[in-house]
Every structure is written in structure tokens, then in C-alpha cells.
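Thanks, everyone, for making time this morning.

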Amino acid sequence: MKVLVTGANRGLGLALVRSGLKKGNIIFAAVRSVADKHIKELQSLKESYEGQLRIIHMDVTNEKSVKQAAEAVKLTDQYLDVIINNAAILNERDKKIEELDMNAVLQAFDVNTLGPMRVVKHFLPVLRIGLKEQVAEKQAVINISSEAGSLTNAYSGDYPYGMTKTALNMLTEKLRVYLKDEPVDVLSIHPGWMKTDMGGNQAPKEPNETADNIYRLIENGWNSSQFAFVDDNGNHMNI
Ligand code: NDP
């Protein structure tokens with residue numbers, strides 16, 4: 001499969017790159033900064049998995065950079081099978097609504113919700129090339145969501161983060177409906193509480209385990225006729 005991973009330089013994104021390469025996939029690792037210090041691990045993976053890894057620049061808040069990344073993928077590899085919208089930020093943690101910096105709230109929406117929208121806007125046509133030419137393997141759009149986006153389990157705090165993930169889930173559902181007659185699975189996945197910069201050291205889960213599970217979900221196919229907001233084992237989350 002040819003897989004795009006956003007936010008690929010650390011955390012779950014990097015684990016998705018590693019796991020995808022081990023499985024023999026072609027991976028487009030999209031990173032906000034291509035400066036050496038940010039992509040050291042990716043560069044060494046590129047050497048270990050010769051010919052399988054492309055490192056591409058993409059800031060998901062910048063539509064021009066998303067469009068250019070899509071054009072670059074088309075040029076070098078013709079089409080894509082899977083989009084994994086992983087990049088996100090968690091800001092304004094534990095603040096009361098009276099304390100929120102609204103610019104930070106806007107920034108969270110820009111990265112976590114509008115980012116995946118920009119990516120799908122420009123990469124869906126690249127997925128469709130594979131469909132049209134009947135060369136595509138498994139096709140999927142995976143939005144990495146969070147239990148923080150669950151309406152039924154809403155908690156006070158993490159206002160921007162929770163709201164951006166609820167809105168991301170709506171993007172998932174709108175896309176699922178839009179693509180219902182095409183063989184493209186569309187899922188929102190809660191990856192679990194993971195040891196990453198975002199999840200912190202106390203988290204019980206390793207991102208590598210989550211990444212392997214996500215590939216298993218993609219490979220098995222989903223074929224859901226309903227909204228799919230699931231954990232990385234495929235269990236339904238509370239909407
Ligand atoms: P990290 O904070 O460890 O990594 C976030 C990644 O997103 C980094 O690669 C970062 O790049 C990238 N990123 C941030 N802003 C942008 C941008 N504007 N354009 C492109 N890339 C950007 O997060 P995790 O790996 O922990 O989280 C991965 C996903 O899992 C997220 O969607 C998160 O919401 C979700 N999640 C995580 C949980 C956890 O416990 N960790 C729990 C539930 C959900 P850079 O290095 O350049 O900043």
C-alpha cells in the first residue's frame with residue numbers, strides 16, 4: 001500500500017511510519033519541518049528501508065503546502081491508497097472557559113479539524129487515481145480522533161481539543177456518506193492513551209502497539225454502513 005501519514009516525525013505518526021515500513025508499504029511521511037534535527041529518525045529509517053520512505057514537507061495549516069505535497073506524491077508515485085490524518089495539537093489544557101485564549105482555540109481547530117479537511121481536499125483525487133486505474137490496494141481515510149471528542153463522555157476542560165475532535169468525527173461521517181459508493185473505508189480512530197509528547201510518560205500504551213493495530217484495521221477492511229468511531233482494536237466508541 002501507499003500510505004500518507006501526517007505529523008510523521010514523532011509520537012504515533014513516527015510509529016505509523018515504522019510499522020508501515022516493516023509491513024513493506026511505501027510511506028509518505030509528511031512533516032511540518034524538514035530541518036535535520038526534526039527528522040533524524042526518519043532519515044535513518046529511509047536508509048534502512050531503501051526505496052520505501054519519502055519524506056515530504058507539509059504544514060496542515062497551510063493549504064499551499066498540502067496542495068504541493070499532493071502534487072509531489074502524484075508526480076513521483078502516481079497515486080495513494082491510504083490517508084492517515086494524525087497531526088494534532090493539545091493546547092489550553094485544563095483551562096476554565098473564562099481563561100481561554102481564543103487565538104489558541106482557533107489554532108487547535110486549524111490543525112486538528114481544518115488540517116485533515118485540507119489534506120482530504122487535496123489527496124482524495126490522488127486516491128481516486130488508483131481507483132480509476134484499478135491499481136489501488138486497500139483504500140482508506142483514517143482520522144486519528146480521541147475519546148475527548150465523545151459527546152456522551154464530555155468533561156470540563158480541554159475545550160479546544162475535545163471540540164476539534166468532535167468536529168473531526170463529523171468530517172469522518174460526512175466523508176463516509178460522500179464516498180459510500182466507492183471502495184474507500186473512512187474511520188475515526190481513538191488510539192488510546194499513549195506514551196508520546198502529547199500523552200506523557202504515565203500513559204499505559206506504546207504508540208508502536210497502536211500503530212500495528214491501526215494497520216490491522218486497514219488491512220482487514222471495515223465495510224461499515226454506519227458511522228465508524230472506533231478504538232484501535234475496532235471496538236465502537238461512545239459518540
Ligand atoms: P504528539 O504531540 O507526540 O505529535 C504531534 C505531531 O503532530 C507531531 O509530529 C507534530 O509535528 C505534528 N503537528 C502539529 N502541528 C502540525 C501542523 N500544523 N502540521 C503538520 N504537523 C503538525 O502527538 P501524538 O503522537 O501523541 O498524537 C497523535 C494523534 O493521536 C493526534 O491526533 C492526537 O490527537 C491523537 N491522540 C493521542 C493520544 C495520546 O495519548 N497521545 C490520545 C488520544 C488521541 P512537530 O514535531 O513539527 O510539532
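Is Gln-78 buried, partly exposed or exposed? Before I answer, a word on the basis: this is a predicted model, in which local features need pLDDT of at least 70 and side-chain atom pairs count only at pLDDT 80 or more, while totals for chains, interfaces and linings use all residues. Residues are numbered from 1 along each chain as its sequence is written, and side-chain values use heavy atoms, with hydrogens and water left out.

Gln-78, then, is partly exposed, with a relative accessible area of 44%, where buried means under 20%, exposed over 50% and partly exposed in between, for a 1.4 Å probe and protein chains only. Most residues other than glycine have a negative phi. Gln-78, although not a glycine, has a positive phi of about 70°, and its place is in the loop between α3 (63-77) and β4 (82-85); helices here are DSSP runs of H or I with at least four residues, and strands are runs of E with at least two, numbered from the N terminus.

Glu-92 also has a positive phi, near 55°, and lies in the loop between β4 and α4, but this residue is buried, with a relative accessible area of 14%.

Turning to helix α6, residues 207-220, we find that its 14 residues reach 20 Å from the first C-alpha to the last, close to the 20 Å expected at 1.5 Å a residue, the expected span being 1.5 Å times one less than the number of residues. Its buried residues include Thr-210, Asn-213, Ile-214 and Leu-217. An α-helix has 3.6 residues a turn, so residues three or four places apart point the same way. After α6 comes Gly-221, with a positive phi near 80°.

Finally, the largest pocket has a volume of about 1100 Å³. A pocket is an open set of points on a 1 Å grid over the protein atoms alone, where a 1.4 Å probe fits, with protein on both sides within 12 Å along at least five of seven lines, and lining residues have an atom within 4 Å of a point; the volume is the space filled by probe spheres set on the points, which are joined across faces, edges and corners. Its lining has 41 residues, with Ala-88, Ile-89, Leu-90, Tyr-161 and Met-198 nearest the centre, and the largest share, three residues, comes from α1.
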